[in-house]
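Please keep the sequence and the structure in view while reading.

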Amino acid sequence: MSLTRSQYQQMMQEYDQLQFKSRHELNNRKAEIAQRIPRILEISDEITSLGIQATKAKLARRNEEHKACLDKISSLSREKADLLAAHGYAEDYLMPRFACRDCSDTGYVDGRPCHCLTQRTINLLYQQSNLGDILQRENFSQFSFSYYSSEEGARDSLTGETPAETIRRVFDYCQKFAATFKKTGENLLLYGPVGVGKTFLTHCIAKEALENSKSVIYLSSGQLFEILSDKAFAGGRKDDEQMAACESIFACDLLIIDDLGAEFSNTFTLSSLFHCLNERMLAKKSTIISTNLSLADLRNVYSERISSRITGNYTLLKINGNDIRRQRRMQPRNENV
């Protein structure tokens, strides 16, 4: 699970609170039963004592004594259940009631994360990713190929592919990337004209990564530089939220920078972008960049140093086609992309 230490500690504190709550509620039920059925608590004490005696007998290989203790425990347990039933209580009324019975609210089963801890992690990562509910609408299962031309006249002069052929190749590659980026440390650059599905595909990858408990931070280029600027110019006034945001940018499994080139570019953004990309590459953390800029424009806007970092260390996926939003306005459809 890809959480920061503070996030993990907070989650474990929540489990501690759940355990405290279950113990408190059990003590209240025991106090209630002590008043109504005093014999029940006597039986519980006897069972505890017999359990210790049975363990000692087993270790000493006193088999007859061990069996006698177990038989007595069984008899007392039946008496206890009968008394509870006679007074209108369920048989498990004096048992702890955990939010998750599988792990008894510890988060772990046999040393491995319980399904409840995995789900809590996924929920937290979704919340942290800045994507919210959008991934329920924009994911691989909702992607539509119908907006991409397969006409011969639309073939790209360099690749020889139609937009339909290109998007299927890119789509397949993005699916593979989503499944393997954590192991490979691979990076992606998705580029092409406005409205051809670049952002949609980054959402697809993000959803798959989050569902597999990978940490994902999704930021527009403007948001990225705003966070880095706050950190750089806050002096000694950095608060916990600022520090956590910066830590996530450099430490998350997958950083997605959307619409690079839309921000106001200056010396600070250039140096910050280089530092961010370089640090993540050194740490073998994957990054996805989407941009409307061509490779030539990328070099002109962000300098040779940055563009060479990207072109030399990122898989370059160009998407061709017509603006999907414009197509939707002209011919409304139910499909997504």
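## Basis of the report

The model is predicted, and local features need pLDDT of at least 70, side-chain atom pairs count only at pLDDT 80 or more, and totals for chains, interfaces and linings use all residues. Residues are numbered from 1 along each chain as its sequence is written, and side-chain values use heavy atoms, with hydrogens and water left out.

## Helix H1

Helices (H or I, at least four residues) and strands (E, at least two) are DSSP runs, numbered from the N terminus, and contact means heavy atoms within 4.5 Å. An α-helix has 3.6 residues a turn, so residues three or four places apart point the same way.

H1 contains 32 residues, and from its first C-alpha to its last it reaches 47 Å, close to the 46 Å expected at 1.5 Å a residue. The expected span is 1.5 Å times one less than the number of residues.

## H1 against H2

The axes of H1 and H2 cross at roughly 120° and come within 5 Å, which makes H1 oblique to H2. From H1, Lys30, Ile33, Ala34, Gln35 and Arg36 make the contact with Pro38, Ile40 and Leu41 of H2. These residues divide into five nonpolar, one polar and two charged. Here Ala, Val, Leu, Ile, Met, Phe, Trp, Tyr, Cys and Pro count as nonpolar, Asp, Glu, Lys and Arg as charged, and the others, Gly among them, as polar.

Axes are lines fitted to C-alpha atoms, for helices over the stretch in contact, and angles run from 0 to 180 degrees between N-to-C directions. Angles under 35 degrees count as roughly parallel, over 145 as roughly antiparallel, 65 to 115 as roughly perpendicular and the rest as oblique.

His66, Cys69, Ile73, Leu76, Lys80, Ala81 and Leu84 are buried in H3, and their cover includes helix H1 (5–36) and helix H2 (38–59). Gly88, with a positive phi near 85°, follows H3.

Glu46 belongs to helix H2 and is partly exposed, because its relative accessibility is 29%. Not counting residues up to four places away in sequence, Glu46 touches Arg39 and Leu76. In the loop between H2 and H3 lies Arg61, a residue other than glycine with a positive phi near 60°. Arg61 is exposed, with a relative accessible area of 72%.

## Later parts of the chain

His203 lies in helix H7 (residues 198–211) and counts as buried at 4% relative accessibility. Leaving aside neighbours within four places in sequence, His203 contacts Leu131, Ile134, Leu135, Glu138 and Tyr218.

Helix H10 (residues 267–282) packs with helix H11 (residues 295–313) at an angle of about 20°, their axes 10 Å apart. H10 is therefore roughly parallel to H11.

Methods. Buried means under 20% relative accessible area, exposed over 50%, partly exposed in between (1.4 Å probe, protein chains only).
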